[in-house]
Amino acid sequence: MSTESLQASSLRRARTIADYQFGSGAGEALFPENAEFQYSTTKRIRYILLDGTRLATVRASDGRLTLSIEGAERLWTFLPPPAYRVTVQEDVAPFVGKGKNAMAKHVLSADEGILAGDEVLVVLPDDTLIATGSAVLCGSEMMAFNYGVAVQVRSGRLV
């Protein structure tokens with residue numbers, strides 16, 4: 001198999017995973033034609049990069065994507081609010097932006113479609129993206145609980 005064919009096949013596969021995980025069209029929004037791929041020793045896609053910056057990682061355990069903050073920004077521009085968003089209070093932005101977990105008591109709103117384990121975008125009330133991570137609770141539980149971790153933050157950005 002040629003390198004060009006492998007690249008095209010990998011791009012199709014990565015886009016398909018993104019479409020499944022985040023909805024139709026997310027794959028093209030996340031991964032442009034010039035996306036690069038790094039493979040595991042078993043020749044499976046491990047990292048998806050753009051100009052040397054990691055956009056996403058394919059988890060070996062379940063084949064789903066985990067996003068870097070750069071990948072989250074691309075997805076954030078594509079998905080209309082409130083899709084995959086967890087809105088937190090502004091006073092916790094410095095902490096969450098540094099990569100600290102988002103606690104349930106600080107959640108103002110959450111997409112009802114979020115399931116525990118989903119990759120989510122952590123935003124402020126004005127929809128400013130501050131972090132990305134994995135939902136520990138489903139969307140309705142984030143709103144109902146007053147204690148515990150709502151989002152295990154993977155990476156954040158200071159605002």
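Trainee: In what sense do strand E5 and E7 pair, and over how many bridges?
Mentor: Strand E5, residues 85–88, runs antiparallel to E7, and the two pair over 3 bridges. Two strands pair if DSSP finds at least two bridges between them. Helices (H or I, at least four residues) and strands (E, at least two) are DSSP runs, numbered from the N terminus. This is a predicted model, where local features need pLDDT of at least 70 and side-chain atom pairs count only at pLDDT 80 or more, while totals for chains, interfaces and linings use all residues. Residues are numbered from 1 along each chain as its sequence is written, and side-chain values use heavy atoms, with hydrogens and water left out.

Trainee: Thanks! Which residue in E7 stands opposite Val86?
Mentor: That's Ala110.

Trainee: And what order do the strands of the 6-stranded open sheet have?
Mentor: The order is E6-E10-E9-E8-E5-E7, with mixed pairing. Strand E6 (102–103) and strand E7 (107–110) are the edge strands, each pairing on one side only.

Trainee: Which strands of that sheet does helix H3 touch?
Mentor: H3, residues 69–78, packs on the sheet and touches E5, strand E8 (119–123), strand E9 (129–135) and strand E10 (149–156). Contact means heavy atoms within 4.5 Å. The direction of H3 makes about 100° with that of E9. For such angles, axes are lines fitted to C-alpha atoms, for helices over the stretch in contact, and the angles run from 0 to 180 degrees between N-to-C directions.

Trainee: Let's move to the 4-stranded sheet. What's its order?
Mentor: That open sheet goes E1-E2-E3-E4, with antiparallel pairing. Its edge strands are E1 and strand E4 (65–67), each of which pairs on one side only. From one strand to the next, the twist averages 25°. H3 packs on this sheet, touching E2, E3 and E4, and its direction makes about 85° with that of E3.

Trainee: How many bridges are there between E1 and E2?
Mentor: Strand E1 (residues 36–39) and E2 have 4 bridges and pair in the antiparallel sense. Gln38 has Tyr47 in E2 as its bridge partner, and Tyr39 stands opposite Ile45 in E2. The hairpin of these two strands has 5 residues between them, and there Lys43 takes a positive phi near 70°.

Trainee: What about E2 and strand E3, how many bridges join them?
Mentor: E2 and strand E3 (residues 53–58) are joined by 4 bridges and run antiparallel. Leu49 has Arg54 in E3 as its bridge partner, while Tyr47 stands opposite Thr57 in E3. With 2 residues between the strands, their hairpin has Asp51 at a positive phi near 55°.

Trainee: How many of the residues of E2 are buried?
Mentor: 5 of its 6 residues are buried, so E2 is mostly covered. Buried means under 20% relative accessible area, exposed over 50%, and partly exposed in between (1.4 Å probe, protein chains only).

Trainee: New topic: Phe31. Where is it?
Mentor: Phe31 sits in the loop between helix H2 (26–30) and E1. Phe31 counts as buried because its relative accessible area is 0%. Not counting residues up to four places away in sequence, Phe31 touches Leu11, Ala14, Arg15, Ala18, Ile48, Leu55, Ala56 and Leu65.

Trainee: And Gln21, why does it count as buried?
Mentor: Gln21 counts as buried because its relative accessibility is 4%. Gln21 lies in helix H1. Leaving aside neighbours within four places in sequence, Gln21 is in contact with Arg64, Leu65, Tyr84 and Glu119.

Trainee: Last one: what volume does the largest pocket have?
Mentor: The largest pocket has a volume of about 290 Å³. It is lined by 16 residues, and the closest to its centre are Arg13, Lys43, Arg44, Ile45 and Val58. Helix H1 (3–22) and strand E2 (45–50) are the elements that give two or more residues to the lining. H1 gives the largest share, 5 residues. On a 1 Å grid over the protein atoms alone, a pocket is an open set of points where a 1.4 Å probe fits, with protein on both sides within 12 Å along at least five of seven lines, and lining residues have an atom within 4 Å of a point. Grid points are joined across faces, edges and corners, and a volume is the space filled by probe spheres set on the points.
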